[in-house]
Amino acid sequence: MNSVSAAERLKSFGDAGPICNKSIIFPSKVVTLANSFEKKDRSWYVKSQIPTDLSIQVNDITFKAHKFPLISKCGYISSIELKPSTSENGYHLKLENFPGGADTFETILKFCYNLPLDLNPLNVAPLRCASEYLYMTEEFEAGNLISKTEAFITFVVLASWRDTLTVLRSCTNLSPWAENLQIVRRCCDLLAWKACNDNNIPEDVVDRNERCLYNDIATLDIDHFMRVITTMKARHAKPQITGKIIMKYADNFLPVINDDLEGIKGYGLGKNELQFSVNRGRMEESNSLGCQEHKETIESLVSVLPPQSGAVSCHFLLRMLKTSIVYSASLALISDLEKRVGMALEDANVCDLLIPNFKNEEQQERVSSPEVYTIYNVDVVHRIFEYFLMHEQQQVLGKPSISKLLDNYLAEIANDPYLPITKFQVLAEMLPENAWKCHDGLYRAIDMFLKTHPSLSDHDRRRLCKTMNCEKLSLDACLHAAQNDRLPLRTIVQINTQVLFSEQVKMRMMMQDKLPEKEEENSGGREDKRMSRDNEIIKTLKEELENVKKKMSELQSDYNELQQEYERLSSKQKSSHNWGLRWQKVKKSFQTKREDEETRERTRRRSSTGQRTSFRRRMSMS
C-alpha cells in the first residue's frame, strides 16, 4: 500500500497540486466538474476542464480518467506502481480478469467521481466483487463501496427471495469472487430456508405458469441449483417438494427424446436404430448445451433425487433413464435408475417402457461387422422387471396392473421383426404363473409375434405357445385361437378341448341357476311328483355330460390319427396336400358336431319348458 494515505493527500491540496509520490493533488472542485462520461469508439472520456492523466483498460474498453479520484478510494490503484503511457501523456493501467467487466468499472468510476450511485439486485454482486478487487475499504473513505454493497445485500437483497434469485443469477460469471465473498452461499441458504418453511405450497406448484419460488429455483444455473437442493435436503425439506423442483428443472433444461415410429430408419446393416428427434424444452437456454453438458446435468440431478418412494413419478424416472442412455451416462447411474423404476413399476405405462435401442457413433464404430439392432432396448426392461420382483418378492399376486403392463409391452415389441424369440419368451416368463388371472393379453402378444415372424419353425412356435395357459383364456379368445392357423396344431387341439369344457361348465351353471326359483303353493300332495321331476333334470344333466366326454374322446382320437399320419408323411417326404384336406375335414366335423349339439339343446329346452315352469311354481309354494 502507498505510504501516503488518502487523507494526507487530501490535506495538502492547493491551487495547483505538485507531483508527490505518484499522486497528483487536485482541488476538490475538480470532482464536481466531472458531471458525465462520453464514449468515443471503444473509449470512455471524463467530461472535465482538467486534462485526464490516467488510462485504464478493462477487457477491450479504455477509460480516460483522473488519477486522484481513483487512488483516493481504491487501495489497489494507490498501492501499485503505475507505468507511464507510451502513446500519450499520463499513466496506463490494465486490469486483468476484472469482475463484472467494463460495465461494472464504469459504475465504479462514476462512484469515484461522486456521481449518483444506483444499486440494484442486478449490479450489486458485480459491484461487490469489483470493490473487493480494487480494495475499496473504509480505510480510504468512510462509506466506501464495499460497505455500501454489503449493506445493500444484507438488508435489501436477502429480505426478498425474488431479489435473492436475481443476485444469484448474476453471480454466474463472478467466480471465484462471489464464492469467496459468501454471496452465493448466503443466497442459496436464504432460498433453501424459504422453500423449507413455506407452508402455503399448492399441490400443482410446478404445473402452474405463474412465477413462484419453486419455478424460479428451477431456472438457476446447474451449480447454483445443486447448492440450493443440497441445502434443502440438509434442512429436511419435504421429498415431494424437492422432487417436483427437480422434475421442473429437467423440463426446463433437458431435451425430450421423441421415439415415434416415424423416426425409424430402414432396417439392416446396423442402421435400423431409431432416428431420434431431440426436442428442446421450453427454455431456449437449453439450446446452447452440448452433449457433455446434458450428461453432467443428468448425473447431477440423479445424484440429488430423494430416495423416498413417490418423491418423483415413474414417468420422470423412465424419461431420465432414456436420456441417460442416449447421452452415454455412467453404468452405475443407469443401474440406479433401473432400480428406482423397478420399485415404482406399478405407476408405469407401456409408452414409457418403450426405450429406444439407441446406438451412438462410438458404439457403432466398435462393431466390427454389420449388426442388426432391435427397435427397443428389451434388456433394460428385463432388468427393470427383475428389480421389481426382487423388491416385491411374493406381493405380485395382488397387483394385476403389472401383468397387464407386461402383456401390453409384449404386444408392442412383438412388431419388431428383428426381436429374437428367446428375448420375447424370457420376458413372457418373467412373472410367476399365478400372477395372471387371464392370458388373453399374452395370447394377443404371442399371436402378433407369430404374425411378424412367419418363418419360425414348428419347434419355436410350440415352445413359444407353452408360455400361455389355455385354461386361462376367455371363451372369445378360445374361439379366435381355434381358427388361428398361425398357432401349432397341438395348441389348437388344446384350445378346442378348452372350448368344450367351458361350454360344459357354462351349461352346468345355467342349469343350477334355474333350479331354486319358485315352488308350488301346496307341496303336501305333490312332493313325490317334485322328486321325480328333479330326478329327470339330474338325469338330463348326466346325459349332457356323457355326450361332452364322448366328443372330447373322439376329438382326441382324431388328433392322434392326424399326428400319426403327419409323421408318416414327413418320413416319406410326401406332399402335404392330403394332410390339409384331412385337417379341413376334421375342422368341418367339429363344426358339424357343435351345430348338432346346439340343435339338440334347443329341442330339449322347448320340450322341458312346461316342466320347468311347474317346477318353479312348486318350489315357490314350498
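Of the contacts in the protein with a separation of 6 or more, 68% are accounted for by residues 24 or more positions apart, where contact means heavy atoms within 4.5 Å. The structure is a predicted model, in which local features need pLDDT of at least 70 and side-chain atom pairs count only at pLDDT 80 or more, while totals for chains, interfaces and linings use all residues. Residues are numbered from 1 along each chain as its sequence is written, and side-chain values use heavy atoms, with hydrogens and water left out.

The protein has 28 helices and ten strands; these are DSSP runs numbered from the N terminus, with helices (H or I) of at least four residues and strands (E) of at least two. Of its 622 residues, 46% are buried. Here buried means under 20% relative accessible area, exposed means over 50% and partly exposed lies in between, with a 1.4 Å probe and protein chains only.

The structure contains nine aromatic pairs. Rings of Phe, Tyr and Trp (its six-membered ring) count as a pair if their centres lie within 6.5 Å, and planes under 30 degrees apart are stacked, those over 60 edge-to-face and the rest tilted. One of these pairs, Tyr 76 with Tyr 133, is tilted, at 5.6 Å centre to centre and 55 degrees between the planes. Because Tyr 76 belongs to helix H4 (residues 75–79) and Tyr 133 to helix H6 (residues 124–134), the pair ties together parts that are 57 residues apart in sequence. Tyr 76 is partly exposed, at a relative accessible area of 28%, whereas Tyr 133 is buried at 15%. Both tyrosines belong to one aromatic cluster, which is formed by Phe 63, Tyr 76, Phe 98, Phe 105, Tyr 133 and Trp 177.

Two lysines sit over aromatic rings. The charged end of Lys 67 is placed over the ring of Tyr 91, 4.5 Å from its centre, and Lys 73 lies over the face of Phe 111, 4.4 Å from the ring centre. For such an arrangement, NZ of Lys or CZ of Arg must be within 6 Å of the ring centre and within 35 degrees of the ring normal.

Next come some backbone features. Most residues other than glycine have a negative phi, and most peptide bonds are trans. Ser 175 and Pro 176, however, are joined by a cis peptide bond with omega of about 5 degrees. Pro 176 is located in the loop between helix H8 (161–170) and helix H9 (177–180). A positive phi, near 55 degrees, is found at Asn 59, a residue other than glycine. Asn 59 lies in the loop between strand E5 (54–58) and strand E6 (61–65) and is partly exposed, with a relative accessible area of 48%. Tyr 135, likewise not a glycine, has a positive phi of about 55 degrees. Its loop runs between H6 and helix H7 (145–155), and Tyr 135 is partly exposed at 35% relative accessibility.

Two individual residues illustrate approaches between separate parts of the chain. Ile 153, in helix H7, is buried at 1% relative accessibility. Its C-alpha atom is 7.3 Å from that of Val 124, a residue 29 positions away in sequence. With neighbours within four places in sequence set aside, Ile 153 contacts Val 124, Arg 128, Leu 158, Ile 183 and Arg 186. Thr 62, in strand E6, is buried at 16% relative accessibility. Between Thr 62 and Ala 102, which are 40 residues apart along the chain, the C-alpha separation is 8.7 Å.

Helix H22 takes part in two packing arrangements. Helix axes are lines fitted to C-alpha atoms over the stretch in contact, and angles run from 0 to 180 degrees between N-to-C directions. H22 (residues 440–452) packs against helix H24 (residues 475–482) at about 25 degrees, with the axes 10 Å apart. H22 is therefore roughly parallel to H24, a description for angles under 35 degrees. The crossing of H22 and H24 is left-handed, meaning that the near helix is turned anticlockwise from the far one by less than a right angle. At this packing, Asp 440, Tyr 443 and Asp 447 in H22 meet Ala 477, His 480 and Ala 481 in H24.

The axes of H22 and helix H20 (residues 400–413) come within 8 Å and cross at roughly 10 degrees. H20 and H22 are therefore also roughly parallel to each other. Asp 407, Asn 408, Leu 410 and Ala 411 of H20 make the contact with Gly 441, Leu 442, Arg 444, Ala 445 and Met 448 of H22.

Terms used: Angles under 35 degrees count as roughly parallel, over 145 as roughly antiparallel, 65 to 115 as roughly perpendicular and the rest as oblique.
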